[in-house]
Amino acid sequence: MKRRMLAMLLAVSMLLVLAACGGAAGSSAPAAEAPAAEGSAAEGSAPAEAPAAGNETLKVGLLVHQSGWFAGVDTPNYYEFNAMVDYVNEELGGWKVGDKTYNLEAVCVDGKSDPDALRSGAMALVDAGVDFVVETNDFWVASCADVFEEEGIMHASAYCVMAPGYITPEHPMAFTGSNGTGGDYATAFAALSKYYPDVKSVVLANDDNGLKDEMVGLMKKYAEPYGIEVKDNIVIYPGDTTDYAPIAQKLVDTGADAFLGNGSPDAYGAILKAVRALGSDMVCACAQGKTATTLMEYAGKDACSNAFTLGPSTREADKAQNTDIMNGLIAKVAEKNGEETAANFDGAAANSLYIMLQLMQKSGSVDPKVVAAEWEKGGQIETIYGTGTIGGEQTYGVANHAVGSPRSVSIIDPTAEDGWYFAEWIDTQIP
């Protein structure tokens, strides 16, 4: 489907309001229907430095859910992607590729946690003339990958759960900058073995993304080296669940020592709260890249024990363990959207954009096909979390379309300062 045809479809459907974020290069104003920034900067603060004049403009697209049940995962992606755009424009003076320097212009659409709106959003980005897109989790966008593939647009999922039909030989322009479910399970079981040696059995608890068999298979693969049993009586819940008491009861009834999954942090916090209300002390292993404080917010103080996330730390005392680019992005989120928003930093969408930008420099081109070919060369690449390794052939069946990067572990412990502590970065690769 070509761009002129897509423009006609959009004009007729009226399913989506598209907003280039702020309408000007380097702006990070919310797109239509984007959530209001929490803890926004106080009035009278110094204005941000304007993007460098005279640079060319490079549009970069973002397709995530800013509303609906999946917004708990994607709202940080929205803020952090735009923080990367602002960081490049305002702190670096643009991004140099070959003999040209570009100001980035973010074009953002809201998938609204709805498959039809998501597909309309993909078509809107095509119509906007975007050649590079960062997307939400692959189980959402696998169904609209063809929209970008037909136009030769490079698209990278911020997080992959190995959904069939996304990274395939038939989709040469589909990539991911994330460790994905496999990498996160590998990190989570390493953390369980090290920090919770009494855990001998684990049960999967996750929202229903249609991939329960795949997730259980991955869990068993990464649990085996540690001698941890993965229960077969898994617990899957609808993404829009509001009553988690029955879910908690099912988990406790399995007799597992821990429940593990990469469900959204608001749901996992609610599950943790419900499990503790039943008197259970089973470990909560939230294999999500969200901060410990995010999970704690949803769980409530009384439930915050025997739990960890794969999120980083934004605390001043821990910043020396982070990369300079990550600390710079955290500061930019704080500047644009407030300290409270910055405290929940994840970085998945920003990281995929950062990888794309580096590959543009390496290839000396902003042609998406040339940049894709550069990604496929493999090797090491810097991520916002540290040095990563391009791979993924064994995991996805396609060589060098993924990036494995260091993954963080934050432990929720009521005896620690503020009820949690940052444990370590664990090197993670995607075979």
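Trainee: Is Cys286 buried or exposed?

Mentor: This is a predicted model, so the answer is a value computed from it. Cys286 is buried, with a relative accessible area of 1%.

Trainee: How many disulfides are there?

Mentor: A disulfide here needs two cysteine sulfur atoms within 2.5 Å. By this rule there are zero disulfides. Cys284 is in none, since its nearest cysteine sulfur, that of Cys286, is 5.8 Å away, and the cut-off is 2.5 Å. Cys286 is likewise in no disulfide, and its nearest cysteine sulfur is that of Cys284. Cys284 is also buried, with a relative accessible area of 0%.

Trainee: What span should helix H6 have?

Mentor: The expected span is 1.5 Å times one less than the number of residues. For the 16 residues of H6, residues 180-195, that gives 22 Å, and the end C-alpha atoms are 22 Å apart, in agreement.

Trainee: How many residues of H6 are buried?

Mentor: The count is 12 of 16, so H6 is largely enclosed by the rest of the structure. Among the buried residues are Asp184, Tyr185, Phe189 and Leu192.

Trainee: How many residues does H9 have, and how far does it reach?

Mentor: Helix H9, residues 265-277, has 13 residues and reaches 18 Å from its first C-alpha to its last, close to the expected 18 Å. H9 is mostly covered, with 10 of its 13 residues buried. Those buried include Pro265, Tyr268, Ile271 and Arg276.

Trainee: Which residue with a positive phi follows H9?

Mentor: Gly279 does, with phi near 85°.

Methods
Residues are numbered from 1 along each chain as its sequence is written. This is a predicted model: local features need pLDDT of at least 70, side-chain atom pairs count only at pLDDT 80 or more; totals for chains, interfaces and linings use all residues. Side-chain values use heavy atoms; hydrogens and water are left out. Buried means under 20% relative accessible area, exposed over 50%, partly exposed in between (1.4 Å probe, protein chains only). Helices (H or I, at least four residues) and strands (E, at least two) are DSSP runs, numbered from the N terminus.
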